[in-house]
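Here's a quick tour of the charged side-chain pairs in this model. Take a look at the sequence and the 3D view before reading on.

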Amino acid sequence: DGETDGVAQAYLHVAAASVDADGVITAAVIDALQPTVTFDAEGQITSDVAAEVKTKNELGADYGMVNASGIQKEWYEQASAFAQYAVGKTKAELEALPVADGKTTDADLLASVTVTVTDMQTAMMKTVDDAVSMASGVKTGLAVLTSIAGSTSADGETDGRAKVDITMVAVLVDEDGTILDFKLDFLQPYTSWDAEGHVIEKKEFKTKRELGDDYGMRAASAIGLEWYEQADAFEQYVIGKTLEDVLALELDEEYRPADVDLAASVTIHVDSYLAALEKAVTTAKVLG
């Protein structure tokens, strides 16, 4: 508005879960993030695009919700409470949660969760569709790596652009450190602003998995495989190995697998997936 910086901000909720043979949720974890790029009235970026972007769980008490919370609970505490509420329920039961204006009206849950729950609810239901069964005592890990380094200022000829790269992975790890299951996805939300600092568009974005064939990598792929097909192949490569085994994977100068067998089905850059996998495995906990 000429006095305060403009803001381009993305909103994402991410979840991991496991289920039993009857589709009942046995473990769940939820996180969220709000990557932000600020810019001035001339369209110049004022954010530190090299700075670490933390999720709400990673921010912990620094997120600063406690003082504004009627129940004096931080966001990560309320997200954890919602995840525990989901444990023991099916997708249908989770979908039946009573909600008004985005917040739950369930008296028991309302005692520990007063934030908007619709996005948590949606993320968890999507997760259940792709969840697997696990044995008791198995650790569940969820990790998100985010970069805004691809953002650029307006220069008088081209618009400014906020570009966010978000890597998401979920893992199940047994007591010996073997990775029992591995899921990965990637999201690239973006928006632009003109030289006067006015945001041009607001929209919803799909992850690369949600885009499926519409992502359009197949025609440009030397092996003729779409992103989700290569991601599937990389997931299968990781499952059954320890973190140390996976991190020993040799990459070429473009961060693609140098292993001939793996390169036959995976030519995408995997460096961010490996970094997120390491984060997920090293922070995995027994949940449920």
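This is a predicted model: local features need pLDDT of at least 70, side-chain atom pairs count only at pLDDT 80 or more; totals for chains, interfaces and linings use all residues.

Residues are numbered from 1 along each chain as its sequence is written, and side-chain values use heavy atoms, with hydrogens and water left out.

**The overall picture**
- Side chains of opposite charge can pair when their charged atoms come close.
- A salt bridge here is a side-chain nitrogen of Lys or Arg within 4 Å of a carboxyl oxygen of Asp or Glu.
- Going by that rule, the model has 11 salt bridges.

**K163 with D165**
- K163 and D165 pair up through their side chains in a salt bridge, at 3.0 Å from N to O.
- D165 is buried at 17% relative accessibility (buried is under 20% relative accessible area, exposed over 50%, partly exposed in between, using a 1.4 Å probe and protein chains only).
- K163 is partly exposed, at 23%.

- D181 and K183 form a salt bridge, with 3.8 Å from N to O.
- D181 is buried, with a relative accessible area of 13%, whereas K183 is partly exposed at 25%.
- Both belong to a network of salt bridges that also includes D130.

**D213 with R218**
- In the salt bridge between D213 and R218, the closest N and O atoms are 2.6 Å apart.
- D213 is partly exposed at 46% relative accessible area, and R218 is partly exposed at 31%.
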